[in-house]
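Open the model in your viewer and keep the selection tool ready. We will go from stop to stop, picking out side chains.

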Amino acid sequence: MLQNILIVDDEKFIRQGLKRMIEQSGCGSFCVALARNGQEALEYMEHAPVDMVFTDISMPLMNGIDFLRRLSTMKCRPVTIIISGYNDFSYAVEGLRNGVVDYLLKPIDDAQVRKLLEKYRDWGEAQREDGYARQLLVRDLRYAAVEAEFPPEQEQEMLVRIGASLGGRQPELFFMRTHSLFFQSTVEERLHREFGQQAIFVADVGKWTMIVSGAAPSFLTNSGETATFWVGAVRLKPGMRFCEACRQARNAAKRGFLTGRSFVWADEAAQAIVGKPCPLNAEECVYAIGMGRNEAVRGALERSWGEQARKALSAEMFEAQLKAFLSQVRKEYPQIYSRYALISQKLEDYMAFSGWQEFSREFLGYTYLIANAVREYGMGRYSQTLQNALQYIEEHFARDINLAMVANHVSANYSVLSREFKEQVGINFVNYLKQRRIEAAKGLLLTTRKSSGEIGREVGFVNERQYAKVFRDITGLTPTEFRRLHPGNADDA
């Protein structure tokens, strides 16, 4: 039974905090020892039994990797857990080479600790041989999934062990992303219920979950919970490199995300790409955002990423276009990009969204944030009087205002303010006011079910006829045509 636990970390509050979580987990009575580095841990293990080790990577005197290498040479190795985070995944991969069987992801919480203790508390001598072999196979699968240089001879030996675990059945590989924490927490249980020990569950392969079994799990292929997960599947064929099979499975899942299918075989994903893709011109899109031409941006996105357009996109194409767009924003507007860096990172990890509709809403919202920030930033180029005037217009554009009222509010000469408008903004006050009202109207058309007349009055037009005429002059469309070209937005509001 699991009784003696050693925590190795140079940060005192982590050592003591983890010890407290273990002792209060309710999973049993444990003897918990603490060490500040690998050297101190090895000295402790010379005179005391240890069943489980939690170790950090970055430590003085002897770091975690060197400590793991020493542990891997022991005849009776303890269950070894690495304390890691997504940013330290390269270190975690190195740990896989040296006997690590599981992870404790930062920030550490009680639920993670309890789950690991429950998983390994029956790690006794009677089952150590079979159980340890299973955990070593899980470790090797994690490592081979991310390491293209995994030695071919070790890979072949690993595939033999997979075959033995599956009772000699031809292995099939599944990679899954899910945004449902409940579904994620039940996957291993459902897998065991369907296949018993003849299936292999590998959690935390980066941000993915890996399953290896002799057939597709029915709870994935027949589930009605189509919006909770995205799965890519590959049949492992002789001669196929495991890392390449993992890449194909992940890309199949990504393709499913793009096309709205929760379960996709890799060979079907390649055959399902139809038509010629319309590349997204990142430079033109970002330029349009900077100029406040939000409708041009929406049009470009519809042509490149609309429902029909996505049928011609592979996962690699889409990710390249998304990366190019975000890189162009960072290049053109570095300060603004930094302001919204968290949203950029969220968009890059698009598989964390529940589906394409949620992602596209977030992406469009991001373009509007950038456009507004560019407009605010650009205000600094104007005279203080004009800045005050534009701020007044922003707050009152939906009212019946004119340039004389604005000039009076900012204590400026009417003629001087009129000239500054033309010279610095590039258009006169009347046209600027019309454009601002139409931008507000487009937002209401896309996010509400209000009638055209209601929206026209709400943004400052005297009557619906005037509103419709100005709308067509600026956009080339009537308000009704504009709304029809963007279905579903108002329903999602």
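Select C278. This cysteine is partly exposed, at a relative accessible area of 32%. Here buried means under 20% relative accessible area, exposed means over 50%, and partly exposed lies in between (1.4 Å probe, protein chains only). This is a predicted model: local features need pLDDT of at least 70, side-chain atom pairs count only at pLDDT 80 or more, and totals for chains, interfaces and linings use all residues. Residues are numbered from 1 along each chain as its sequence is written, and side-chain values use heavy atoms, with hydrogens and water left out.

A disulfide is a pair of cysteine sulfur atoms within 2.5 Å. The disulfide count is 0. C278 is in no disulfide either; its nearest cysteine sulfur is that of C285.

Next, the rings. The structure has 24 aromatic pairs. Select W356 and F359 to see one: the ring centres are 5.1 Å apart and the planes meet at 50°, so this pair is tilted. Rings of Phe, Tyr and Trp (its six-membered ring) pair if their centres lie within 6.5 Å; planes under 30 degrees apart are stacked, over 60 edge-to-face, and the rest tilted.

Both residues sit in helix 17 (residues 356–378), 3 residues apart, so about one helical turn separates them. Helices (H or I, at least four residues) and strands (E, at least two) are DSSP runs, numbered from the N terminus. W356 is buried at 13% relative accessibility. F359 is buried too, at 0%.

Jump to F421 and Y432. How are their planes set, and how far apart are the ring centres? The planes are at 70° and the centres 5.6 Å apart, so the pair is edge-to-face. F421 belongs to helix 20 (residues 414–425) and Y432 to helix 21 (residues 429–447), so the pair ties together parts 11 residues apart in sequence. Both F421 and Y432 are buried.

Now select a whole group. One aromatic cluster is formed by W230, F257, W305, F318, F325, Y350, F353, W356, F359 and F363.

Last stop: charges over rings. Select R250 and F175. The charged end of R250 sits over the F175 ring, 5.2 Å from its centre. Such a charge has NZ of Lys or CZ of Arg within 6 Å of the ring centre and within 35 degrees of the ring normal. Then select R437 and F461. Here the charged end of R437 sits over the ring of F461, 5.8 Å from its centre.
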